[in-house]
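Trainee: I would like to go through the labels used for this model and ask what each one rests on.
Mentor: Go ahead.

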Amino acid sequence: MRKGLILITIVAVLVGLGVLFQEQLDPIWLWLIGLLEYWLIELDLIRLLPAVVLISGAVIELVVAFILNRHGKRFDRAREALEALHQKELGLVRSELELTAKAREMTEARLRLRESLVREERAFLLLQLETAQRTASLPDDMFVAIESPRLLPDQVESLDQILNRLERIEMADQAMGLELVVPEAEKKQRAYDLLRLGNIHYYLRHYRKAITMYDKVLDVLPVDPVAHTNRGMAHLALGEQQRAIEDFDRSLQVVPDEAYAYHGRGAAYEALEQPKSALDDYNRAVRLEPKFADAYYSRGVMYERLGQHEKAFQDLNRVIELDPGHAKAYSARGITRTAQKDYQWAMIDFSKAAELDPDLAEAYYNRGLVQAELGQHKEAIGDYNRAIALLPNDVACYQARGEAHIALGKLEEALDDLSRAISLEPLDAMLYYQRGRVQLRLKTYEAALKDFEKSLELSPNYALSYVYQGVTYEKLGQYDQALADLEQAVVLDPKLAEAYYNRGVVYGSLGEYDLATQSLNKAIELDPSLADGRGLG
C-alpha cells in the first residue's frame, strides 16, 4: 500500500509538472508524436503491434512470476520460521503445564498431609480437652447448666491453652475456606466438636466465644435444639434476656418437650421480673424431667423470693434428694429456714453448704446473719470475715460486719466497715444513716450531721434519718433545728416512737416540761421498752 501511494504521488507530480510547463513541453510532445507516426505508419510497424503486445505481456508475466516466486519463497521462509517459533512456544506451554500439574499434585499432596496432620492434632487436642474437662469436674452433658462450676486457676489455664490451640486450627481452616467444605458424613461429628468447645467456653465464662461456637454449630446444623438452648444460656449469662428467650423459643419449636429450654426460659423470665411466666416454665421443666435438680432449685429459690416458704422448702428438699452435693441448695434451704425462724436447722444447712463448697461466700454470710440474730456477734464476725475474703467487694458483707461490731461496742471497727461499704455503694441512703448513728455514738457530731444530710438527700422520706439528725442537733445545742427535724419525722411516720421520745428530750432541754412529758408518754405508749431510755441511740 505504501508503494502504491508513492507511485500515485509520482504520477500526480508528473501531471502537475506537465500542466505547469505545458508550453516548454509542447515541442517535445510534437517530436514524440512525429516519431511514433514514422515508426508505425511509414515503416509499417503497426502490424507488429499484436506480437509486441503478446511479447510484452509474456515478459510482464515472466517478471510478475519471478517477483511472485521470490515473494513466495520469502513467505514460505517466514511461515516456516513462525511455525518453528510456534512449536517452540507450544513446547514451553506444555512444559509449563506439566510443571503446573506437578506443582498442583504436590500442593494437593501437601494439603492432604496437612489435613491429615490437622485432623490428628485436633483429635489429640480434643482428647486432651476431654481429660482436662474431667479433671476440672466440668459437666459432660450436651446441655449447659445455668450455674457455672467454680474452677481453680491452674484448671482454667490448662483449658485455655487447649482452646487457644484449637482456635488457631479453626482460624487456619477458615482462612483456607476448609471449614465451609464439610462432608455430609462428617457434619454431625463437626457439630458435636464445636458444641463441646462452646460448652467449655461457657463454663470458663467466655460467653461471647461460646456464642460464636454455637453459631458455627447452627451453620452446620441449622435446627439443632441443643445449640439454640446453650446459646440462650450464654445470652442469659450476659444479661441479654430477650435474645435468650428467642433462642429458647427456637429450641422449643424443634423439640416442644425440651425441659432444658423451659428451665432456661424460666430463668430469663425471672430476670425480667415476670414471676408467673417463670414459674410456668419451671413447672413444665420438672414435669417433663422429674429428676431435673437444677429446675427444682430455680423454682425453690423463686418461691422463696415470693415468700412462699413451704413450697420453697419442698423444692429445695427435692434438690438435695436428687443431688446430695448441691451446696447452694443447702444454703437456699437455710435461708428458707431462717425466714421461718428455724435458726438451729438453718445453721446446720449453712454449715453443710460451706462444707460441700468451702468457697461459697453466701453460706458464711447467711450463717453470720443467723448468728447475729441469735446474739452470737463474735461468731458472726468470723463468718463475715470468711465471706469478705471470698468477696472483697461485697457491700452487704461489710454492712453486716459493721452492724456486728456495733453490737459488740467496737465503734471504730464499725465505722471502718460502713465507710468501706459506702465507698463500694455511694448511693445507699441506709449506709449513711448507719454510719451517722456510729458517728453520733463516737460524739463526732459534725461528721454525723454530714452523714444524715446525705442519707436524706438520697432518701428524703426516711423518718429515722430525721430523728437522729435531730438528736445530733440536740447534742450540739441547736434545739430549734432539732425540733424541726423531729417534727418532720413525726409527720413522715406518726407511729415512730423514737421520734416522740427524742422530741420529749429536746423539750426537756428547753424547759418545756409539759410538752416533754406528753411526747415521752406518747413514745412509751407506742413502745414500752423506751421507758428505760433506749431512744437516745
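**Labels and their grounds**

Trainee: How many aromatic pairs are there by this rule?
Mentor: The count comes to eight aromatic pairs. Keep in mind that this is a predicted model.

Trainee: What makes Tyr-202 and Tyr-207 an aromatic pair, and why is the pair called edge-to-face?
Mentor: Their ring centres are 5.4 Å apart, and the limit for a pair is within 6.5 Å.

Trainee: Why is Tyr-202 called buried?
Mentor: Its relative accessible area is 1%. Buried means under 20%, so Tyr-202 qualifies.

Trainee: And why does Tyr-207 count as buried?
Mentor: Tyr-207 has 15% relative accessibility, which is also under 20%, and therefore it counts as buried.

Trainee: Why is the pair of Tyr-433 and Phe-452 called tilted?
Mentor: The angle between the planes is 50°. Stacked needs under 30 degrees and edge-to-face over 60, so the pair falls under the remaining label, tilted. The centres lie 6.3 Å apart, and the limit is within 6.5 Å.

Trainee: How do you know that this pair links distant parts of the chain?
Mentor: Tyr-433 belongs to helix H19 (residues 429–441) and Phe-452 to helix H20 (residues 445–458), with the two 19 residues apart. Both Tyr-433 and Phe-452 are buried.

Trainee: Which residues form one aromatic cluster with Tyr-433 and Phe-452?
Mentor: Tyr-462 and Tyr-468 belong to that cluster.

Trainee: What makes Arg-437 a charge over the face of Tyr-468?
Mentor: Arg-437 is at 3.8 Å from the ring centre, and the distance limit is within 6 Å.

Trainee: How much space lies in the largest pocket?
Mentor: About 1,100 Å³. It is lined by 34 residues, and the closest to its centre are Glu-147, Ser-148, Pro-149, Arg-150 and His-326.

Trainee: Which helices each supply at least two residues of that lining?
Mentor: Helix H9 (259–271), helix H11 (293–305) and helix H13 (327–339) do. By class, the lining has 18 nonpolar, six polar and 10 charged residues.

Methods:
Residues numbered from 1 in each chain as written. Predicted model: local features only at pLDDT ≥ 70, side-chain atom pairs only at ≥ 80, totals over all residues. Heavy atoms only, no water. 1 Å grid on protein atoms, 1.4 Å probe; cavity = no way out; pocket = protein on both sides within 12 Å on 5 of 7 lines; lining within 4 Å. Points joined across faces, edges and corners; volume = space filled by probe spheres on them. Helix = DSSP H or I, 4+ residues; strand = E, 2+ residues; numbered from the N terminus. Nonpolar A, V, L, I, M, F, W, Y, C, P; charged D, E, K, R; others polar. Phe/Tyr/Trp six-rings, centres within 6.5 Å; stacked < 30°, edge-to-face > 60°. Buried < 20%, exposed > 50% of the residue type's maximum accessible area, 1.4 Å probe, protein only. Lys NZ or Arg CZ within 6 Å of the ring centre and 35° of its normal.
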